[in-house]
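Me: I would like to learn how to read a helix and its surroundings in a model. Could we work through one case?

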Amino acid sequence: MPTTGVDFLNPHDAQSSLDDIRRFQDTTRNEIVRRAFAMPRVIVVALGLFLGFASIDLETPWRLICFALGFFLYIGVGIVYEYRAAVQRQPTMQEMLYHGMVLIGVFVVFVVGRVLAFALFHAPAHGLMSQAMAGAVLAAVAYVAATPINRSVMRSLVRQGGGRG
């Protein structure tokens, strides 16, 4: 009987290949989350959030400069890390919603920090050491402190979404 040059897999080889694919997918998903919440990236994003929030109470020329720099750090770091990533993927809607909820949470921490600075320390409303500065410090620290929680939630969302957008 002539052979066509096609070798068929036996069931054991097929299962072994599927197991390898699943293991590589898990490794890829873990790498996506690890890079998304690498500590240098988290610190630079927190610095961007700090500059953006702290600029609220500054005088007019400094307000715009600090806010633009903070916004650039926050958005720019995300763009650079995603551009340099070994795996490029679209985030799922759940992931985008989660990131939005994290930003809302950071903003709430900022507002609470601002109110506490006024109530406890009688911080002035404008200037360098103002209520916004205290709230910005608290928001940036909260963002960095929440990194382990954010990693675990994102890991489950990436696994749930199958790593696809």
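Reply: Begin with length; the model is a predicted one. Helix α4 has 29 residues and spans 41 Å from its first C-alpha to its last, close to the 42 Å expected at 1.5 Å a residue.

Me: Which residues of α4 are buried?

Reply: As a general idea, an α-helix has 3.6 residues a turn, so residues three or four places apart point the same way. In α4 the buried residues are Glu95, Tyr98, Val102, Val106, Phe110, Gly113 and Ala117. Their cover includes α2 (39-54), α5 (131-145) and α6 (147-160).

Me: Which residues make the nonpolar surface patch?

Reply: Met101, Ile104, Val108, Val112, Leu116, Leu120, Phe121 and Leu138 form this patch of about 800 Å². Helix α4 (residues 93-121) contributes the most, with seven residues.

Me: Is leucine 116 buried, partly exposed or exposed?

Reply: Buried means under 20% relative accessible area and exposed means over 50%. Leucine 116 has 39%, so this residue is partly exposed.

Me: What comes just after α4?

Reply: Histidine 122 follows there, with a positive phi of about 50°.

Me: Where is aspartate 57, and is aspartate 57 buried or exposed?

Reply: Aspartate 57 lies in the loop between α2 and α3 (60-84). Its relative accessibility is 2%, so aspartate 57 counts as buried.

Me: What does the side chain of aspartate 57 reach?

Reply: That side chain reaches the backbone nitrogen of alanine 132 at 3.1 Å. Leaving aside residues up to four places away in sequence, aspartate 57 touches Arg114, Ala125, His126, Gly127, Ser130, Gln131 and Ala132.

Technical notes. Residues numbered from 1 in each chain as written. Predicted model: local features only at pLDDT ≥ 70, side-chain atom pairs only at ≥ 80, totals over all residues. Heavy atoms only, no water. Patch = residues over 30% accessible without salt bridge, like charges linked within 9 Å, V, L, I, M, F, W, Y side chains within 5 Å. Areas by Shrake-Rupley, 256 points an atom, 1.4 Å probe, with all protein chains shown as cover. Salt bridge = Lys/Arg side-chain N within 4 Å of Asp/Glu carboxyl O. Helix = DSSP H or I, 4+ residues; strand = E, 2+ residues; numbered from the N terminus. Buried < 20%, exposed > 50% of the residue type's maximum accessible area, 1.4 Å probe, protein only. Expected span 1.5 Å × (residues − 1). Contact = heavy atoms within 4.5 Å. Polar contact = N/O pair within 3.5 Å; in protein donor to acceptor, adjacent residues only side chain to side chain.
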